[in-house]
Amino acid sequence: MSTPRTLTPTRRGLLAAGGALGLGALLTACGGGGSSDPSGDSGKGGAWSFKDDRGQVAKTPHTPKRIVAFTGTAAALHDFGVECTGVFGPTLLKDGRPDPQAGDLDVAKLTVLGNTWGEFNVEKYAALRPDLLITNMFEPDALWYVPDDSRKKILALAPGVGLTASRVPLTEPIKRYAELAASLGADLRAKKVVDAKARFEAAAERLRKAAKGNPVKVMAASGSPDLFYVSNPAVNADLMYYRQLGVDLVVPRKLDQGGYFESLSWENAGTYEADVILLDSRTSALQPKDLAAKPTWAKLPAVQAGQVTPWLSEPRFSYAGCAPLLETLADAVEKAKKTS
């Protein structure tokens, strides 16, 4: 996707991926409601259920094992100790390396159903005989990267779980992912998980102290060829949490539909003053080397001061995934100098 993740109309208007020849037969073979095989790799024990953030309860006869998820979701679940069978969303870069959103996933072992915005191979999904589909929700009932026009076919194959990823502070999605992972069999007392949580909490305290000791102005932004997007800390989960920790974040005044950001022409890129720029580091956004030729970018005080730091604007909601983000911002705030 070439525009920020915060572009609400685009979120809800994913391209078609369904309607493939032979899908009906695959739906029939899969039973339309998760695995038809109650034994083997479908899990053991009694019935499983989980109430998601739409208020809907996903139910399966046994604990799901063949789980398919948005890439960042699968990466978060992996951090808690739950493995997925397939993924959809940014998974592989053009050179074959894992996308940053894949986290610590071994993508070579996963079936990739779609790698870019609007891609979701429904036939391949059906062939996996999925037990459960999981993804984020940036808007109510909008399942992230699940195309609207094939959504019914996709959700007929297995129950779906959607977890809120915006308008709540970062700790809330992490908590919900931990709850979901535990329901799927993860041990939240495992050393890996406990250590990651301790690192997260230490990083949060470090950021709190940095923000108090060096109260610089921080702007979260994303660049495209034509527009400079300034993100709203009242909506983005990570920014909401940074703000709670005391980080002084720029609040854009003229928000686009959905309230996620203000889009500025490059001529107006200097509308807001900032000492530090958190720059969207996703592959869909322009990076400093791409922006160097834009005169208004080069004139921004934070750019001139060399105070631009990467911002993974779609975090994976786990302690292991978010601790490094807190550490990176803390490091930037600690070192930053006032530019005016």
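Modeller: Leaving aside its neighbours within four places in sequence, His-78 is in contact with Glu-83, Asp-104, Leu-105 and Lys-192, where contact means heavy atoms within 4.5 Å. This is a predicted model, in which local features need pLDDT of at least 70 and side-chain atom pairs count only at pLDDT 80 or more, while totals for chains, interfaces and linings use all residues. Residues are numbered from 1 along each chain as its sequence is written, and side-chain values use heavy atoms, with hydrogens and water left out.

His-78 belongs to helix H3 (residues 71-80); helices (H or I, at least four residues) and strands (E, at least two) are DSSP runs, numbered from the N terminus. With a relative accessible area of 15%, His-78 is buried. Buried means under 20% relative accessible area, exposed over 50%, and partly exposed in between (1.4 Å probe, protein chains only).

Trp-117 also counts as buried, at 12% relative accessibility. Trp-117 sits in the loop between strand E5 (111-114) and helix H4 (122-127). Its C-alpha atom is 6.8 Å from that of Gly-89, a residue 28 positions away along the chain.

Now to strand E13 (residues 276-280). Five of its five residues are buried, so the strand is largely enclosed by the rest of the structure. Val-276, Leu-278 and Asp-280 lie on one side and Ile-277 and Leu-279 on the other, and both faces are covered. Strand E9 (residues 217-223) runs parallel to E13 and is joined to it by four bridges; two strands pair if DSSP finds at least two bridges between them. Within this pairing, Ala-221 has Leu-279 of E13 as its bridge partner. E13 is also joined by four bridges to E14, again in parallel. There, the bridge partner of Asp-280 is Trp-311 in E14.

Strand E14 (308-311) and helix H12 (319-335) are the elements that give two or more residues to the lining. H12 supplies the largest share, four residues. The lining is made up of nine nonpolar, two polar and no charged residues. Here Ala, Val, Leu, Ile, Met, Phe, Trp, Tyr, Cys and Pro count as nonpolar, Asp, Glu, Lys and Arg as charged, and the others, Gly among them, as polar.

Two loop arginines deserve a note on backbone angles. Arg-129, in the loop between H4 and strand E6 (132-139), has a positive phi of about 50 degrees although it is not a glycine. Arg-167, in the loop between strand E8 (160-164) and helix H6 (171-183), has a positive phi of about 65 degrees. Most residues other than glycine have a negative phi. Arg-129 is partly exposed at 34% relative accessible area, and Arg-167 is partly exposed at 39%.

As background, the chain has 12 helices and 14 strands, and 53% of its 340 residues count as buried.
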